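Here is a short briefing on one protein model.

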Amino acid sequence: MTLWTMLAVMAGAALFCRMAGYAAMRFLPPSNRLDAALRATPLAVMAGITAQALAAGGLTEAVALASAIGLTVLTRNDVGAAVGGVGVAALLRWLGV
């Protein structure tokens, strides 16, 4: 699968999730279950993206993912942890790992 194909699929998945969230908020009555599902959607998309990278990658991707998970646990900041994981991957690639 090419990079452009993967980007298009991920963009489509993100768009679908946003549209589904809008539809859910517009037509479904508010409930705790709906709120939990909407909060879990971005995590599910991110898990799909990282699973692909981990399956296709090697040690660099595994260490970067582990560091992102660790940063998430320590800081409780998903975006910061994702950026930190990308930074670890970039550093490892720069070091030739």
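Contact here means heavy atoms within 4.5 Å. By that cut-off, Thr 60 touches Ala 89, Leu 92, Arg 93 and Val 97, leaving aside residues up to four places away in sequence. The model is predicted. Two helix pairs are described below, α3 with α4 and α1 with α2.

**Confidence**

- The protein chain averages a pLDDT of 85.
- A score of at least 70 is reached by 100% of the residues.
- Among the elements, helix α4 (residues 78-95) has the highest mean pLDDT, at 90.
- Helix α2 (residues 32-56) has the lowest, at 79.
- Where pLDDT is low, predicted coordinates should not be read in detail.

**Packing of α3 and α4**

- Helix α3 (residues 59-75) packs on α4 at an angle of about 150°, and the two axes lie 8 Å apart.
- Angles over 145 degrees count as roughly antiparallel, so α3 is roughly antiparallel to α4.
- The crossing of α3 past α4 is right-handed.
- From α3, the contact uses Thr 60, Glu 61, Val 63, Ala 64, Ser 67, Ala 68, Leu 71 and Thr 72.
- From α4, the contact uses Asp 78, Ala 81, Gly 84, Gly 85, Val 88, Ala 89, Leu 92 and Arg 93.
- By type, the residues of this contact are 8 nonpolar, 5 polar and 3 charged.

- Thr 60 sits in helix α3.
- Is Thr 60 buried or exposed? Its relative accessible area is 4%, so Thr 60 is buried, the cut-off for buried being under 20%.
- Arg 93 is part of helix α4.
- Arg 93 touches Thr 60 and Glu 61, not counting residues up to four places away in sequence.
- Arg 93 and Gly 70 are 23 residues apart in sequence, and their C-alpha atoms are 20 Å apart in space.

**Packing of α1 and α2**

- The axes of helix α1 (residues 3-27) and α2 come within 11 Å.
- They cross at roughly 175°, which means α1 is roughly antiparallel to α2.
- On the α1 side, the contact is made by Met 6, Met 10, Cys 17, Gly 21, Ala 24 and Met 25.
- These meet Leu 34, Leu 38, Thr 41, Val 45, Ile 49 and Gln 52 of α2.
- The residues of this contact divide into 9 nonpolar, 3 polar and no charged.

**Leu 34**

- Leu 34 belongs to helix α2.
- With a relative accessible area of 13%, Leu 34 is buried.
- Which residues does Leu 34 touch, not counting residues up to four places away in sequence? They are Ala 24, Met 25, Leu 28 and Pro 29.
- Ala 24 and Met 25 are also among the α1 residues in the contact with α2.
- Leu 34 and Gln 52 are 18 residues apart along the chain, with 27 Å between their C-alpha atoms.

**Arg 76**

- Arg 76 lies in the loop between α3 and α4.
- Most residues other than glycine have a negative phi.
- Arg 76 has a positive phi, near 60°, and is a residue other than glycine.
- Is Arg 76 buried or exposed? A relative accessible area over 50% counts as exposed; Arg 76 has 69%, so Arg 76 is exposed.

Notes
Residues numbered from 1 in each chain as written. Predicted model: local features only at pLDDT ≥ 70, side-chain atom pairs only at ≥ 80, totals over all residues. Heavy atoms only, no water. pLDDT = per-residue confidence, 0-100. Helix = DSSP H or I, 4+ residues; strand = E, 2+ residues; numbered from the N terminus. Axes fitted to C-alpha atoms, helices over the stretch in contact; angles between N-to-C directions. Parallel < 35°, antiparallel > 145°, perpendicular 65-115°, else oblique. Left-handed = near helix turned anticlockwise from the far one by under 90°. Nonpolar A, V, L, I, M, F, W, Y, C, P; charged D, E, K, R; others polar. Buried < 20%, exposed > 50% of the residue type's maximum accessible area, 1.4 Å probe, protein only.
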